[in-house]
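Subject: A structure for you to look through

Hi there,

Here is the structure I promised to pass on. Have a look at it first, and then read my notes below with the model open beside you.

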Amino acid sequence: MNNLVHKDAIPKFTGKLKRPPVFYRQWMLAGNPALFFDRLVEDYGDFIHYKGLIDFYMVNHPELVNKVLKQSNRNFDKRTIIYKRFKNVQGSALVVAEGESWKRQRRMMQPIFKKSAIEKFFDIMVDAPTNLAQTWTKRADSKVVFNIAEDMNHLALEIIGRALFSNDFVEMRDKIEYWTSILNRYSAKPPLPIIRDLWFPSPRNFKMKSVLRDFHRFLGKMVSCHRQSPNAEGLLGILMQVTDEETGECMPDQALIDEMLSLVMGGHETVATVLTWFWYELGRNPEVEKRFHQEIDTVLGKQPISPEKLTKLTYTKQVIEETMRLHPPLWFENRNVKNDVELGGVQLKQGDMVVLSRYSLHRNPQFWHKPDKFDPGRFDKDKPENSKGSCAFIPFSSGPRMCLGMQFATMELITVVVTIARRYRIIIDESDKHEMAAHLTMSPKYGVKVRLENRL
Ligand code: HEM
């Protein structure tokens, strides 16, 4: 336990850059890339220069990750072939923006995502899982087996959709779900040059372009409706009224459209997969489940849930954090070297690519005791293994490009799991077949098959 990371003491990187043979295990990248990267660090350590179809440096040590994302972040940007593909979908949105336009968008959007500001969406976060729990009554009585991943997917979309578009979301729900699934599938494809560019006449590109047109048309209509009723509720209405403190200007229509699309995509699948993995881990760890249920019963009793009560659910938060440690939804990050820079004693050149896998970083045995064990207690703030603040645990990334929706997602995750678990125990069915899939997000390949048991 000597090496465990504490937030005040990130151990120094003392290793050396390793170079695997050219094309080493390249075929694994096409199957499950997260397992490919994990094998790479297992065989070659925490700093690797890989040459294959794509040439990259991989970092798996918190100190190196810290340097790329935080300390030396000015020397890195997102101009990589992978982000180019995301840009095809998300246009000028914050997550893919660079330089001055990123700074301006972030400055304008940051206040809207502050903890105090997002509390206005709390009612939606309670209402949506409460409605879902009501529809589950029959399933609980008949002990039917179902795939909870599908329900978590609908639920997460409902919450972000209603937060963005208020009631307009409800009638467009099925279309938005279809559009986001196509765009996610497009974004998750490997960035091979031949299929990367949108001009290439592949069926996937045609489909993606036609979906993007329909989605843009819908968002454009939303924007012009909201312009006519300036007090409209929802994030869109709020974003529309924000002015840049430096220039006094509002967001132009196209910027609003890109941000809306990006927020639906960024705030949907990420949350849905954490929720799915949460039930999966809870079902496999009865001691954790017992303590989680005890905490909700003690803190809430028969009282309604409220934002103040959420802060008292400390163990629940630890279970969510441990879920994101083992199953980080956005498991992969990459950066372009913008200016020549030194990293781990090696001189990187402009145009080099640096990658990291959260799946491997969060399981690095140098920093996590028994890394594969599901142990929420490691996030107890008084434990030496609590690595918050270091780059050993970065489900929401770190540094200036850190997730803007972190507070929103955290409030949503706690509210949803508590609202559902007050009513039901979720039991993993024997028929559940488990395999991890790593595309844009990391999810259970076949979902999670469960049954319900009433708790009330
Ligand atoms: C558990 C849920 C979530 C996780 C794990 C997560 C994780 C992340 C990560 C890792 C990034 C950095 C991605 C990159 O640099 O390519 C990011 C960026 C971002 N996320 Fe999230 N996210 C979650 C939910 C949300 C939600 C609910 C929203 C909005 C409502 C959101 C909005 C954003 C935005 C706008 C950015 C771009 C920030 C920037 O580049 O300045 N995320 N998120």
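Two strands pair if DSSP finds at least two bridges between them. Helices (H or I, at least four residues) and strands (E, at least two) are DSSP runs, and they are numbered from the N terminus. Please keep in mind that this is a predicted model, where local features need pLDDT of at least 70 and side-chain atom pairs count only at pLDDT 80 or more, while totals for chains, interfaces and linings use all residues. Residue numbers start from 1 along each chain as its sequence is written.

Let's begin with the sheets. Five strands make an open sheet with mixed pairing, in the order S1-S2-S8-S5-S3. Strand S1 (47-51) and strand S3 (76-77) are at the edges with a single partner strand each, so one side of each has no neighbour in the sheet.

What joins S3 to strand S5 (residues 332-337)? Two bridges do, and the two strands run antiparallel. In S5, Val337 is the bridge partner of Phe76, and Asn336 is the bridge partner of Asp77. Asn336 also stands opposite Met353 in S8. S5 and S8 are paired in the antiparallel sense over five bridges.

Helix H3 (residues 62-71) lies across S1, strand S2 (55-59), S3, S5 and strand S8 (353-357), and runs at about 115 degrees to S2. For that angle, axes are lines fitted to C-alpha atoms (for helices over the stretch in contact), and angles between N-to-C directions run from 0 to 180 degrees.

There is also an open sheet of three strands, in the order S4-S12-S9, with antiparallel pairing. Here strand S4 (146-147) and strand S9 (424-428) are the edge strands, and each pairs on one side only. S4 is joined to strand S12 (residues 449-454) by two bridges, running antiparallel, and Asn147 stands opposite Lys449 in S12.

Next, a pair of helices. The axes of helix H16 (residues 286-300) and helix H18 (residues 314-326) come within 8 Å and cross at roughly 140 degrees. Where they meet, Val288, Arg291, Phe292, Glu295 and Ile296 in H16 touch Tyr315, Thr316 and Val319 in H18; residues are in contact if their C-beta atoms, placed from the backbone, lie within 7 Å. By class, this contact of H16 with H18 has five nonpolar, one polar and two charged residues. In these classes, Ala, Val, Leu, Ile, Met, Phe, Trp, Tyr, Cys and Pro count as nonpolar, Asp, Glu, Lys and Arg as charged, and the others, Gly among them, as polar.

Now for the ligand. How many residues surround the ligand? There are 22, and the closest are Gly267, Thr270, Cys403, Gly405 and Ala409. A residue is near a molecule or strand if its C-beta atom, placed from the backbone, lies within 6 Å of it. The shell around the ligand has 14 nonpolar, five polar and three charged residues. Helix H14 (253-266), helix H15 (269-284) and helix H20 (406-423) each supply at least two residues of this shell, and H15 gives the most, with three.

Finally, a few single residues. Is Phe37 buried or exposed? Phe37 is buried, because 26 other C-beta atoms lie within 10 Å. The cut-offs are 20 or more such atoms within 10 Å for buried and 12 or fewer for exposed, with partly exposed in between; C-beta atoms are again placed from the backbone. Phe37 lies in helix H2 (residues 33-44), and touches Met58, Ser357 and Ser360, leaving aside residues up to four places away in sequence.

Most residues other than glycine have a negative phi. Phe23, which is not a glycine, has a positive phi of about 65 degrees, and Arg25 has a positive phi near 50 degrees. Phe23 lies in the segment before helix H1 (27-31), and Arg25 is in the segment before H1. Phe23 counts as exposed, because it has 11 C-beta neighbours inside 10 Å, whereas Arg25, with 15 other C-beta atoms within 10 Å, is partly exposed.

Happy exploring!

Definitions and conventions. Contact = placed C-beta atoms within 7 Å.
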